[in-house]
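User: I would like to go through the labels attached to this model and check each one against its cut-off. Please give the value and then the conclusion.

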Amino acid sequence: MSETSRKIMYLNPVGTSSYDQVFADMAKKYKQPGTEVHITSLDASVGAFTHIEFRSYEAMVTAGIIRATRAAAREGFDALAIGCFYDTALHDAREISGNMVVTAPCLASCRLATNLSNRFGVIVGRRKWVDQMKSTVNGYGFETACAGFYDVNLGVDDFQTDHKRTNELLTGAAEEAVEKGHAESVILGCTMEIGFHETLEKHLGVPVIDVSIAALKEAEYAAEMKTKCNWIPSRKWSCESPSEEEMATIGVFDSSNIFGNRIIVEAN
């Protein structure tokens with residue numbers, strides 16, 4: 001694969017394809033010309049999940065994420081982004097990703113935010129999410145950089161009910177993060193209207209990060225660096241992969257029904 005050609009998978013880790021086209025439109029708008037992006041979601045056999053905002057839902061789809069990661073690596077993808085701000089199964093997926101880079105929205109957006117500012121605020125849907133997201137952000141080492149979490153009392157599916165109201169609530173929470181929390185950048189932990197971050201950024205006067213874009217761009221950058229600099233993911237110590245022999249004996253890592261939907265955004 002040439003240095004100007006990259007193959008990325010953006011995995012929507014649910015058992016329905018409801019939001020796949022939104023992510024495909026995002027990829028088409030923000031990817032580099034030499035990047036081919038496959039937007040995938042899981043097979044309906046994992047369950048008809050439209051979101052995984054509950055830990056129990058995450059647990060149910062984790063096996064699907066693992067199988068999807070393994071399948072993507074075998075297909076020759078350079079990088080994969082797990083499309084949930086919980087960064088569900090990120091470390092687990094990395095173990096079996098071979099030479100493929102795996103990233104996710106929370107990690108990607110926090111890294112980007114701290115490149116753009118010293119302190120960032122995170123806008124989230126429901127208060128329910130904060131405990132887990134705070135633990136994840138702190139675990140990545142961004143505790144002192146995080147100005148706080150600001151919820152808008154909306155579940156994942158609620159974001160699509162009334163875009164005008166959703167955007168008003170997100171704007172109010174972001175204003176609070178900047179004016180009261182003194183955040184110098186804002187992370188939109190969940191938003192499904194691609195391009196809204198640009199409007200909000202102009203209003204606030206600080207960088208506003210759409211996490212799906214951050215995950216895609218980090219995957220794309222990692223794929224480029226893997227090619228240009230030969231920076232291949234480590235498989236040593238904590239990153240050690242299970243053996244192929246043992247996985248074959250266990251017998252649950254591969255399946256014929258992994259992806260339920262796939263949209264390909266061609267390199268151009």
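User: Why is His38 called buried?
Analyst: This is a predicted model. His38 has a relative accessibility of 5%, and buried means under 20%, so His38 counts as buried.

User: Where is His38 found, and which residues does His38 touch?
Analyst: His38 is found in strand β2, residues 35-42. Leaving out residues up to four places away in sequence, His38 touches Lys7, Ile8, Met9, Tyr10, Phe77, Arg262, Ile263 and Ile264.

User: What makes Lys7 a charge over the ring of Phe77?
Analyst: Lys7 lies over the face of Phe77 at 4.6 Å from the ring centre, and the distance cut-off is within 6 Å.

User: Which ring does the charged end of Arg262 sit over?
Analyst: That ring belongs to Phe259, and the charged end of Arg262 is 4.9 Å from its centre. The cut-off here is again within 6 Å.

User: How many aromatic pairs does a search of the whole structure find?
Analyst: The search finds four aromatic pairs. In one of them, Phe49 and Tyr57, the ring centres are 5.1 Å apart and the planes stand at 55°.

User: Why is the pair of Phe49 and Tyr57 called tilted?
Analyst: Centres within 6.5 Å make a pair, planes under 30 degrees apart count as stacked and over 60 as edge-to-face, with the rest tilted. With centres 5.1 Å apart and planes at 55°, Phe49 and Tyr57 are therefore a tilted pair. Phe49, Phe54 and Tyr57 form one aromatic cluster.

User: Are Phe49 and Tyr57 buried, partly exposed or exposed?
Analyst: Phe49 has a relative accessible area of 14% and is therefore buried. Tyr57, at 31%, is partly exposed, because that class runs between the 20% and 50% cut-offs.

User: What makes the pair of Phe120 and Phe142 edge-to-face?
Analyst: The planes of Phe120 and Phe142 are at 70°, with the ring centres 6.4 Å apart, so the pair is edge-to-face. The angle cut-off for that class is over 60 degrees.

User: Which parts does the pair of Phe120 and Phe142 tie together?
Analyst: Phe120 lies in strand β5 (residues 120-124), while Phe142 lies in the loop between α5 (130-139) and β6 (146-151), so the pair ties together parts that are 22 residues apart in sequence. Phe120 and Phe142 are both buried.

User: How do you know that α8 is largely enclosed by the rest of the structure?
Analyst: Of the 19 residues of α8, 14 are buried, so α8 is largely enclosed by the rest of the structure.

User: What does helix α8 reach from its first C-alpha to its last, and what follows α8?
Analyst: Helix α8 (residues 211-229) reaches 26 Å, close to the 27 Å expected at 1.5 Å a residue. Asn230 follows α8 and has a positive phi, near 60°.

User: What space lies in the largest pocket, and which residues are closest to its centre?
Analyst: About 530 Å³ of space lies in the largest pocket. The pocket is lined by 22 residues, and Val101, Thr103, Arg111, Glu218 and Ala222 are the closest to its centre.

User: Which element gives the most to the lining of the largest pocket?
Analyst: α8 gives the most, with seven residues. β4 (101-103), α4 (105-116) and α8 each supply at least two residues of that lining.

User: How many cavities of 30 Å³ or more are there, and what volume does the largest cavity have?
Analyst: The count comes to two cavities, and the largest cavity has a volume of about 360 Å³. The largest cavity is lined by 26 residues, with Gly83, Cys84, Phe85, Val156 and Cys190 nearest its centre. β1 (6-12) and α8 are the elements that give two or more residues to this lining.

Notes
Residues numbered from 1 in each chain as written. Predicted model: local features only at pLDDT ≥ 70, side-chain atom pairs only at ≥ 80, totals over all residues. Heavy atoms only, no water. Helix = DSSP H or I, 4+ residues; strand = E, 2+ residues; numbered from the N terminus. Expected span 1.5 Å × (residues − 1). Buried < 20%, exposed > 50% of the residue type's maximum accessible area, 1.4 Å probe, protein only. Phe/Tyr/Trp six-rings, centres within 6.5 Å; stacked < 30°, edge-to-face > 60°. Lys NZ or Arg CZ within 6 Å of the ring centre and 35° of its normal. Contact = heavy atoms within 4.5 Å. 1 Å grid on protein atoms, 1.4 Å probe; cavity = no way out; pocket = protein on both sides within 12 Å on 5 of 7 lines; lining within 4 Å. Points joined across faces, edges and corners; volume = space filled by probe spheres on them.
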